Structures are given as structure tokens and as C-alpha cells.
Amino acid sequence: MDYHVQQPHILQYSLTVEKQLPLQMAATVSYSGSRGFNIPIIVDGNPTIPQGIPNGTTCVASATPVAYNPDRSVPRCWLDPATRNPRTNPAWTGVELYTAGSNSWYNSFQFGLNKRLSQGLQFQSSYTFSKLIDESSSQVNSDNNATADWTSDPMHRETDRSVASFDITHNWRLNTIYKLPKFTDAGGVRGALLNGWWLSNILSLQTGYPMTVAINSNRSRSNTGNGAAGIDR
């Protein structure tokens, strides 16, 4: 655990306009957003340090040249594969550092339509169009299985800024209750069996979750998570 871990916190803000409509209905239009700070994440606490930045390109150990000049005649960035990029503390290998260093941004448009019970009918409909962006979506595997828990570059967390693994762009809900008319004016058992029936339903529609395409090797040679698979995209 990070000895100097910061307290996670969030700022929430919204603006809502409501309008009463005929037929016992009301409409709601809202903007809602939030900004998250110091969100718990897991990073490599003892990252490797790339050796040199020739021509603005970070150098990593590679058996073959990884990039070329425009004329493709000489390597633009290459190190002998025997050269190992040293870690911040060479006495240790990778360190799982649990810290609070991530951020999130959420913005949404929300529309709601509500009808009170009248003439045997009641319904409520809600639609949300939103975008949730973060720099890392989890700290343990049980929180998120759509992407790696580790940040791909512990020294540049903005590299992982993208839509969150649990982002839902479109989200619609509809629920209704309807009281069926009387089927008979008779009383007794017949009236009790045929009258007083209600119908209700809940409809839920939403778009799918994002998916991150990862590779099963440490192609970046960052050695993040001791070179674990599924971290490099």
C-alpha cells in the first residue's frame, strides 16, 4: 500500500428542469456530471527506466530495430538486447503498488417522462446518454474483467485515459402499470375471480460495454507487472 495514499473524493453537479404536462404527466430534462479524484488503482511501484530518448523516441531493449528514420537506412531507436532497462530500484523486481492516483470524468444528458395513475394507467420512462472516462477502471480482477488492472505505463498514466470498462452510452428504462377494466358486474366468487386484475412490465435496453484488445506478451518491454500478459494493448 502507498504510505502516502490520498483520500479518494468526487465532485458531483447537475442541472434539472421540470415541466408539468397534461394527462397527469411530467417531463424532466437534466444534465448530470461528476469528476473523480484520487481513485484507487494498481501500478508498478518500481518501473523500468527506458535508456535514452534518441530523436524523441523512447528507447527499449530490442533484438531488432523497432523504428526507422524515413529513409529506413539506420535504426531510429535501438539497444542491444543484452542491455536490460534498469528499474528505479535495481535491488528489486516489480512492485505491486496500491495507490490512489487515477481520475474520472462523467457527463450525461437525462430525460424522464412520468405519468401518475389515472384512468387505470401509470408509466415512467427514463433515458440517459452519457460518457464515462477514466485512467484505470479497477484495482482487483473482481472489479473488472474487460481490461487489465495494471496501468500500461506507470510513469504516464494519461496513456490509459479512455472510456471506462463499465461505460454505457445509451440507457433506457420503461415501466408501466395498467388496471384492466371490470369483466363483470357480478359479485361473490365470480366477481372476485374476474375483476381487479392489473398488468405491469419493466423494459430495459442499453448499449454494450467497451472492450479492450490486448496482446498476450509484453511487446512494449516495459516489464510492467513483471511482463505479465494482457497489459499491453
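**A first look at this predicted model**

1. From the N terminus on, the elements of the protein chain follow the order β-β-β-β-β-β-α-β. That gives 1 helix and 7 strands; helices (H or I, at least four residues) and strands (E, at least two) are DSSP runs, numbered from the N terminus.

2. A word on how to read what follows. This is a predicted model, in which local features need pLDDT of at least 70 and side-chain atom pairs count only at pLDDT 80 or more, while totals for chains, interfaces and linings use all residues. Residues are numbered from 1 along each chain as its sequence is written, and side-chain values use heavy atoms, with hydrogens and water left out.

3. Of the 233 residues in the protein chain, 27% are buried. Here buried means under 20% relative accessible area, exposed means over 50%, and partly exposed is in between (1.4 Å probe, protein chains only).

4. Do look at the strand pairing (at least two bridges found by DSSP between two strands). Strand β6 (residues 170–179) runs antiparallel to strand β4 (residues 121–134), and 9 bridges join them; Ser126 stands opposite Arg173 of β6. β6 also pairs with strand β7 (residues 198–206), again in the antiparallel sense and over 9 bridges. Here Ile177 has Ser200 in β7 as its bridge partner.

5. Next, the aromatic rings. The structure holds 1 aromatic pair. The ring centres of Tyr13 and Tyr31 are 6.4 Å apart and their planes stand at 20°, so the pair is stacked. For the cut-offs, rings of Phe, Tyr and Trp (its six-membered ring) pair if their centres lie within 6.5 Å, and planes under 30 degrees apart count as stacked, over 60 as edge-to-face and the rest as tilted. Because Tyr13 lies in strand β1 (residues 9–21) and Tyr31 in strand β2 (residues 25–44), the pair ties together parts that are 18 residues apart in sequence. Tyr13 is partly exposed at 37% relative accessible area, and Tyr31 is partly exposed at 35%.

6. Another ring to find is that of Trp105: the charged end of Arg161 sits over this ring, 4.0 Å from its centre. The test asks for NZ of Lys or CZ of Arg within 6 Å of the ring centre and within 35 degrees of the ring normal.
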